[in-house]
Amino acid sequence: LDLPFVFASAPDTGTLEAAGILSSWFGALAGYRGATFPTTVGQIPARGNAVVVMAGGARLPGVALPQPGGPTLSIVPNPNDPSGKLLLVSGRDVKELKTAATTLSVGAPTLSGPTALISELTNLKPREPYDAPNWLPNHRPVSFGELAAAQTLNVSGYTPDLIRINFRMPPDLFAWREKDIAIKLKYRYTPRPTIDKSTLNVNVNEQFLTSLPLLAADRNGGKIDQLLTRVMPDGQTPAEATLNIPLFKLPSQTQLQFHYYYDYQKQGACKDVILDNVKGAIEPDSTIDISGFSHFIAMPDLAAFSNAGFPFTRMADLSQTAVVLPDNPGPIDYGLYLALLGRMGDSTGYPATGVTVTQAQQVNSVADKDLLVLGATGSQPLVAEWAEDMPVALNGDTKRFQVSDLMSKMLTWWDSVQGNASRPARGQVAFSSAGTDAMITGFESPLAGGRSVVVISSNRPAGMTNSLDALQDPDAVK
């Protein structure tokens, strides 16, 4: 998705919060396809669709819109392109603007007509930690029917497609003493005429997990087994299995894959015609259970940030997140902010109705939140102010990197996961070189213990898009 956002004038922080609600919602709709939101101020795109965010009496050339009488949503033609549309989100003040944006993000299925004037929006129920709609709940077993449509759990033929079940894991689940995740699998299949090599293969993200044999109709079972085989739909045999999967095999974005493999039975010369009438299914009441796991993760962890937007997405509405923009942000900063919130909406499946946007000079007012700091080094003063807390520093053509030493590496050889993060800096390397560099770095907030900071910066404004390109590259983000 490449959806331009248009502001009538330089947006204040409240207008940006409303725009962030919208971009996170569009990001959730775009899903795995990804989303970018190039931003302009006072200029409508020459062609295509766009979102226009306006508060008060702001106006855009060519866009005829009556004075808003409250939170308003409208769809009008793009004056520069007859085939394009503009989604206008407006209000008499910033509060009404956020009401309109929130209404669209949580109540879109109920809206109709070219214009909607929002008369009432009841306060949303506060979110709880880890209750993102896209994340597996960790207080109860979750049925496969909640994760996939029933029709996608059925296949037919000797060369069926995979049955895929997608879900997202909270990135900070912590396993203790080899505890595994339990899957109660229920499945059906057309019984084989004789014992053969047919199996149901189970993979996790294209990595083999186990295989379950598909039994024959004339297997040496009891009368109950034989009766079930006859009365089940299409003669399919019910079966159950319990799978125990180590937690490390299930990353933030996980796909369970079930493949029915049917063995061909050779009948001899002129008898090798096979009836392609076999079927298989995974029952919707199969369950996966991650309850009982603790939440713990050593921070900083940029893998958790790039894959799931963590720790900001711990609250699905980003109510414990503050985005710190430069004191004089520009369209590049706005676009990066909107795109990042779009990625977080994709992770959580919920709009960022609680996000706070501020500027560097007001950062102390959000000291109790996790901070996402954006801006090139020349415009974002916090990059220089917090340089000693960061392992990387950029200042024009001057670069500085903290490094460890051989002894520190030897002392942490046993910890392959957190070893790099736990090694203390023993020195630093500084040099000057021409070029555009971008950095994504995380550290504990200098303003409050236990809170995280992620800084996305570049030594040149144009380099800010490089970091976004890296985050949206599936080969770079694992």
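**Stop 1: Gly-48 and its surroundings**

Select Gly-48 and show what it touches: Asn-78, Asp-81, Gly-84 and Lys-85, leaving aside residues up to four places away in sequence. This is a predicted model, so treat each stop as a feature of a prediction. Gly-48 sits in the loop between S2 and strand S3 (50-55). Now draw a distance from Gly-48 to Asp-81. The two are 33 residues apart in sequence, and their C-alpha atoms are 6.6 Å apart in space.

**Stop 2: Pro-45**

Stay in the loop between S2 and S3 and select Pro-45, which also has its place there. Pro-45 has 16% relative accessibility, and the cut-off for buried is under 20%. Pro-45 therefore counts as buried. Show its contacts next. Beyond residues up to four places away in sequence, Pro-45 touches Pro-4, Val-6, Ala-50, Asn-78 and Asn-80. Pick Asn-78 from that set. From Pro-45 to Asn-78 is 33 residues in sequence and 8.3 Å in space, C-alpha to C-alpha. Asn-78 was on the contact list of Gly-48 as well.

**Stop 3: Glu-96 in helix H2**

Go to helix H2, residues 94-107, and select Glu-96. Relative accessibility here is 13%, so Glu-96 counts as buried. Which residues does Glu-96 touch, not counting those up to four places away in sequence? They are Gly-70, Pro-71, Ser-90 and Gly-91.

**Stop 4: Phe-5 and Phe-37**

Select Phe-5 and Phe-37 and show their side chains. The chain has 10 aromatic pairs by the ring-centre rule. Phe-5 and Phe-37 form an edge-to-face pair, with 5.4 Å between ring centres and 85° between the planes. The pair links distant parts of the chain, 32 residues apart. Phe-5 belongs to strand S1 (residues 5-7), while Phe-37 lies in the loop between helix H1 (13-30) and strand S2 (39-41). Phe-5 is at 0% relative accessibility and so counts as buried. Phe-37 has a relative accessible area of 2% and is buried.

**Stop 5: Trp-386 and Phe-443**

Jump to Trp-386 and Phe-443. These rings also make an aromatic pair, edge-to-face, at 6.3 Å centre to centre and 85° between the planes. How many residues apart are the partners? They are 57 residues apart, and the pair links distant parts of the chain. Look for Trp-386 in the loop between helix H6 (381-385) and strand S22 (392-395), and for Phe-443 in strand S25 (residues 438-444). Trp-386 is buried, with a relative accessible area of 4%. Phe-443 counts as buried at 6% relative accessibility.

**Stop 6: tyrosines and an arginine**

Select Tyr-158, Tyr-260 and Tyr-262. Together they form one aromatic cluster. Then pick Tyr-350 and Arg-127. Arg-127 lies over the face of Tyr-350, 4.1 Å from the ring centre.

**Stop 7: helix H5 against H1**

Show H1 and H5 as cartoons. H1 and H5 pack with their axes 7 Å apart, at an angle of about 45°. That angle makes H1 oblique to H5. The crossing of H1 past H5 is right-handed. For the contact on the H1 side, select Leu-16, Glu-17, Ala-19, Gly-20, Ser-23, Ser-24, Gly-27 and Ala-28. On the H5 side, select Tyr-334, Tyr-337, Leu-338, Leu-341, Gly-342, Gly-345 and Asp-346.

**Stop 8: helix H5 against H9**

H5 contributes Ile-332, Leu-336, Ala-339, Leu-340 and Arg-343 to the contact. H9 contributes Met-464, Ser-467, Leu-468 and Leu-471.

**Last stop: the whole chain**

Zoom out and colour by secondary structure. The chain has nine helices and 26 strands. Now colour by accessibility. Of its 478 residues, 49% count as buried. Finish with contacts between residues at least 6 apart in sequence: 75% of them join residues at least 24 apart.

Conventions. Residues numbered from 1 in each chain as written. Predicted model: local features only at pLDDT ≥ 70, side-chain atom pairs only at ≥ 80, totals over all residues. Heavy atoms only, no water. Phe/Tyr/Trp six-rings, centres within 6.5 Å; stacked < 30°, edge-to-face > 60°. Helix = DSSP H or I, 4+ residues; strand = E, 2+ residues; numbered from the N terminus. Buried < 20%, exposed > 50% of the residue type's maximum accessible area, 1.4 Å probe, protein only. Lys NZ or Arg CZ within 6 Å of the ring centre and 35° of its normal. Contact = heavy atoms within 4.5 Å. Axes fitted to C-alpha atoms, helices over the stretch in contact; angles between N-to-C directions. Parallel < 35°, antiparallel > 145°, perpendicular 65-115°, else oblique. Left-handed = near helix turned anticlockwise from the far one by under 90°.
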